[in-house]
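I opened my notebook to jot down what I looked up in this one.

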Amino acid sequence: MDSSIGGKLLGFRQIAQEKLQHVFYSIPSEKDLIIDPALIKPLEHVCGASWLRKKGIDKIFKFDPKNPPPKRKQFLYFISSSLLTFKSVLDQISGYQSQTSSLMEPDIRYKQYHVLVFPSVVASFEHLLEEEGLYGIVELYNFQWDFLLLDESILSLELPNVFVDVFVRNDTTLLGSIAQSLRIFNLVMGKPHLIFSLGENAEKILHMVQRIESSKKGGAAGKGDRDSAEKEPEFSAMLIMDRDRDYPACLLTPVVYCGLLLEIQTLNSGSLVVDGEGNKIKNGKLAILQLDQEQQTAAKQEVTSLRMSGAQDMIYREHRYRHFSEVISLLSAQAKTLGLEGKAYTREMKLSEMKDYVTNKLPKVAAAKKELFKHLRLCETIVEEIGANFEKHQMIEESILTNTNRKQIMNYIVELLSSDAHKHNTLRLICLYHVTIGLTGEDMTKLMTGYLNAFGYRHLTVFHNLFLARLFPDTTILSKTKMLSQISIPTLKTPFQIEANKLKQLPTDANEPSGTSASAAAADRDVVLGAASGTAGKSCPSYVFNGNYIPLVTQLTHLIFAASSFDNLNARLGHLERLKVSGRALGGTDSQFALRTVKELSASSHKAALNQLLPFKEKTMFIFVVGGITYAEIAACHLLERTVGAKIVLASDRIIAGHDLIEAVVNC
């Protein structure tokens, strides 16, 4: 099963190449490619420069609005679906047109300018094309590469701005692109028996998939859909979840190595920048808290990149899911071993041995040292930027999750705003406080004032954007009467804690929810893997957050796999009214996407069939998170995978850290 799934995951690249090839072949003769710099890294997962040249591409240029390449032959622009970028392309094309003799009318049968738009052409592009007087001169094409395989069992659509567009601006345009990719996924892998959705956007995507498949039925176009409906699926279940259903998994600070790498550097389609000069922590701090410019210049180092793929970096493969404290000591030991290996072969060698060493051993040792040096540089940056305050910050996050020491939490945040303010990470902690405990009017005013005093009142709109994403209270209702009504006596359990305790997501919270009997608690002991009193060991997925929290997506997956029957699943997940179920196990084609809750299905005619389905013979799950997935969630799911003997493939529109989510809202 694993080899079959792995082979089919690699097939998404071939599908993307076929789509791209179709566009190239529809444009006769040779052409030059002008590509948006943001799309270069993702395109490397689809094809290389040599493949492009075989398909009729002569020269490749980076798109620069101010420096257009010389006009030689046909131009094919490859850009993302940004109206501003498209306007810059049209301005460049207008410049080329003005250089052409006005006496020569363009032959519209052979267009000289072609624009390939990722993921799709929007209606405003057509209107702008007509307004600029280039209709009939420029040809537009859609292209979407669907899923890119970034690492083993990790897929990404690399769609830009999904979180901001969907959860802040309420623009659901990109959900259509996600639905198209999930339909392709169903064609390749087969439709799962059960499809779980959590969140209104996840439901919208499934309804879009249904409409797409319905429109393809009948004729040659629908043959693939019929075949996928008939063949046995590679995945028993699918889980699609909205990002806003589990903000803590994104806002908490991870302790695993791969998670901390994204806390300091930017990830671009699986490649991480290794830059000794700048990082996320430095760039978000106030200028007065930074070193002098002369000191920064002196610290400049060569900028390189690290591929976060276990297949291409063995050091990363070995340490990616380890606790960071272990990684430092292991890398140090590895560095010593490489140093000794470099010396061992230079003493008392025969000529033949020396020749063999220089030819075969030395290049490998040198390459290993170079790769190890990258990781050591990154570890050094993590220690310098995060290490000094890390333990205290972890304690504060634990207090936020367990709703204890509120005064200490507020004092810590206020102190950060006054002495060590960070544009995104301080706001991230404030949002975590609101999501888990809830901000009163008085606290909200205090924190907003502190943030605006630190970074300027031009950021006032940031808090409204955060409110739209349900990360902050509504700032428009700050009246005296409303503020008084918001101030209440602190409760022992917040709504977040009650919900998280029902799903056993808080190993550090020893208190059971009210009304839970001792026998029920004993029956659910297996729900938290490896949990100990107050802490969780490496056998518990909560280790990714230092034993404080199990990501919701991981816990839902475990509960689905652990269910001995659908009745058992209803007992554990029936209280989640937002969790909807569909899939081929529910019967005919029309009912596959009739989304219903677990409780509704337990009282329906499908109950007997669902009881036969569970427990799954093959524990295989495909997970998609709308709005970005974190490496902490990936690490927790892969630990669960090893613990229960399952196969879990995770996907999203992007891989993000909490910093990236807040930065997207701030820059919205």
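How do α17 and α19 lie to each other: roughly parallel or roughly antiparallel? I kept in mind that this is a predicted model. The axes of helix α17 (residues 390-402) and helix α19 (residues 425-436) come within 9 Å and cross at roughly 20°. Angles under 35 degrees count as roughly parallel, so α17 and α19 are roughly parallel to each other.

Next I looked up who makes the contact. On α17, I found His393, Glu397, Ile400 and Leu401; on α19, Leu429, Leu432, Tyr433 and Thr436. Sorted by class, that contact has five nonpolar, two polar and one charged residues.

Then I zoomed out. I noted 30 helices and 16 strands in the protein chain. The chain has 668 residues, and 52% of them count as buried.

I got a count of 26 aromatic pairs. In one of them, Phe24 and Trp51 have ring centres 6.3 Å apart and planes at 45°, so I wrote this pair down as tilted. Phe24 belongs to helix α1 (residues 2-25) and Trp51 to helix α3 (residues 49-54), 27 residues apart in the chain. Phe24 is buried at 2% relative accessible area, and Trp51, at 15%, counts as buried too.

I also checked Phe78 and Phe143: their ring centres are 5.8 Å apart and the planes sit at 70°, so the pair is edge-to-face. Phe78 is in strand β3 (residues 74-80), while Phe143 is in the loop between β5 and β6. Both Phe78 and Phe143 are buried.

Last entry: ring pairs link Phe12, Phe147, Phe185, Phe235, Phe622 and Phe624 into a cluster.

Note on methods: Residues numbered from 1 in each chain as written. Predicted model: local features only at pLDDT ≥ 70, side-chain atom pairs only at ≥ 80, totals over all residues. Heavy atoms only, no water. Axes fitted to C-alpha atoms, helices over the stretch in contact; angles between N-to-C directions. Helix = DSSP H or I, 4+ residues; strand = E, 2+ residues; numbered from the N terminus. Parallel < 35°, antiparallel > 145°, perpendicular 65-115°, else oblique. Contact = heavy atoms within 4.5 Å. Nonpolar A, V, L, I, M, F, W, Y, C, P; charged D, E, K, R; others polar. Buried < 20%, exposed > 50% of the residue type's maximum accessible area, 1.4 Å probe, protein only. Phe/Tyr/Trp six-rings, centres within 6.5 Å; stacked < 30°, edge-to-face > 60°.
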